[in-house]
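Here's a quick tour for anyone meeting this protein model for the first time. Have a look at the sequence and the 3D view, then read on.

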Amino acid sequence: MRILICEDSVLLREGLVRLLEQSGHEVVAALPDASDVVRSVAEAAPELCVLDVRLPPTYTDEGVRAALELRSRRPDLPLLVLSQYVEERYATELITAHGGSLGYLLKDRVADVSEFLDAVDRIAAGTTVLDPEVVTQLLTRRDEDDLLKRLTERERTVLAALAEGKSNHAIAALLFLSEASIEKHITAIFQKLGLEQDESGNRRVLAALAHIESTTGSQSAEHGRGGTIR
């Protein structure tokens, strides 16, 4: 697979290059910042882009903005975004952007080589892979929301596992349930969230998380206008 890397840390960038090349992938570009990422993607035609969230010169959201621009120019291009910490606002921007498969992982995950390489392959194959910490924060940031109260504890566990990129078979094994039971839980989840079923688990999970985030955001705004936040 042809991969482009955009990471300012020399050690991590070179480590990723070596790890991916040793695993049989071709790194077509390894950039220290996002200034040339759009041009490099157009010239090198990677099949997956790996980007850091915070890049020079300001180390704020350069990586996210580059990822969103790539989304608008190449909606089908799989993206894997790496972050030092869970940054909900940036994760939400990427999740709500329409396009192909997405990975949002904490950099600590790179230390688990087999898990990281598996995530790379799954994202390239069209699966959405979100770090468990990202999923947890997006689903539990406001436990009092009526939207989340619609889901049972088991349904929230299933949704979180889906968002981490797990297949129905893997979730069934994790929870010691049949795949038929998992399918019923998934159907119930999307009915309660007012989402239509489709053939793409990736799109359904992104839609669910985006729906949760947009709803909690609008409720926060309403509370803010009322002058009281509890």
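**The sheet and its surroundings**

Strand 1 (residues 2–6) runs parallel to strand 3, and the two pair over four bridges. Strands pair if DSSP finds at least two bridges between them, and helices (H or I, at least four residues) and strands (E, at least two) are DSSP runs, numbered from the N terminus. Keep in mind that this is a predicted model, where local features need pLDDT of at least 70 and side-chain atom pairs count only at pLDDT 80 or more, while totals for chains, interfaces and linings use all residues. Residues are numbered from 1 along each chain as its sequence is written, and side-chain values use heavy atoms, with hydrogens and water left out.

- Six strands make up an open sheet with parallel pairing, in the order 2-1-3-4-5-6.
- Strand 2 (26–31) and strand 6 (129–130) are the edges, each with a single partner strand, so one side of each has no neighbour in the sheet.

**Nonpolar cores**

- A nonpolar core is a set of buried Ala, Val, Leu, Ile, Met, Phe, Trp, Tyr and Cys residues joined through side-chain atoms within 4.5 Å; buried means under 20% relative accessible area, exposed over 50%, and partly exposed in between (1.4 Å probe, protein chains only).
- The largest core has 47 residues, and those touching the most other members are Leu 4, Val 37, Cys 49, Leu 51, Leu 79, Tyr 104 and Val 158.
- Helix 8 (residues 153–163) gives the most to this core, with six residues.
- Apart from that core lies another one of 19 residues, among them Ile 5, Leu 20, Val 50 and Leu 80.
- Leaving out residues up to four places away in sequence, Val 158 touches Ile 171, Leu 175, Ile 182, His 185, Ile 186 and Ile 189 (contact means heavy atoms within 4.5 Å).

**Helix 10**

- Helix 10 (residues 179–192) has 14 residues and reaches 20 Å from its first C-alpha to its last, close to the 20 Å expected at 1.5 Å a residue; the expected span is 1.5 Å times one less than the number of residues.
- Its buried residues are Ile 182, Ile 186, Ala 188, Ile 189 and Phe 190.
- After helix 10 comes Gly 194, whose phi is positive, near 70°.

**Salt bridges**

- The whole structure holds 14 salt bridges, each a side-chain nitrogen of Lys or Arg within 4 Å of a carboxyl oxygen of Asp or Glu.
- One of them joins Arg 54 and Glu 87 (2.5 Å, N to O). Arg 54 sits in the loop between strand 3 (48–52) and helix 3 (62–73) and Glu 87 in the loop between strand 4 (79–83) and helix 4 (88–96), so the pair ties together parts 33 residues apart in sequence.
- Within that pair, Arg 54 is partly exposed at 34% relative accessibility, whereas Glu 87 is buried at 12%.
- Asp 118 and Arg 122 form another (2.9 Å, N to O); four residues apart in helix 5 (residues 113–124), they are separated by about one helical turn.
- Glu 7, Asp 52 and Lys 107 are linked in a network of salt bridges.

**A buried serine**

- Ser 101 lies in the loop between helix 4 and strand 5 (102–106) and is buried, at 5% relative accessibility.
- The side chain of Ser 101 reaches the backbone oxygen of Ile 123 at 2.6 Å.

Technical notes: A polar contact is a pair of N or O atoms within 3.5 Å; within protein, one must be able to donate a hydrogen and the other to accept it, and residues adjacent in sequence count only if both atoms are side-chain atoms.
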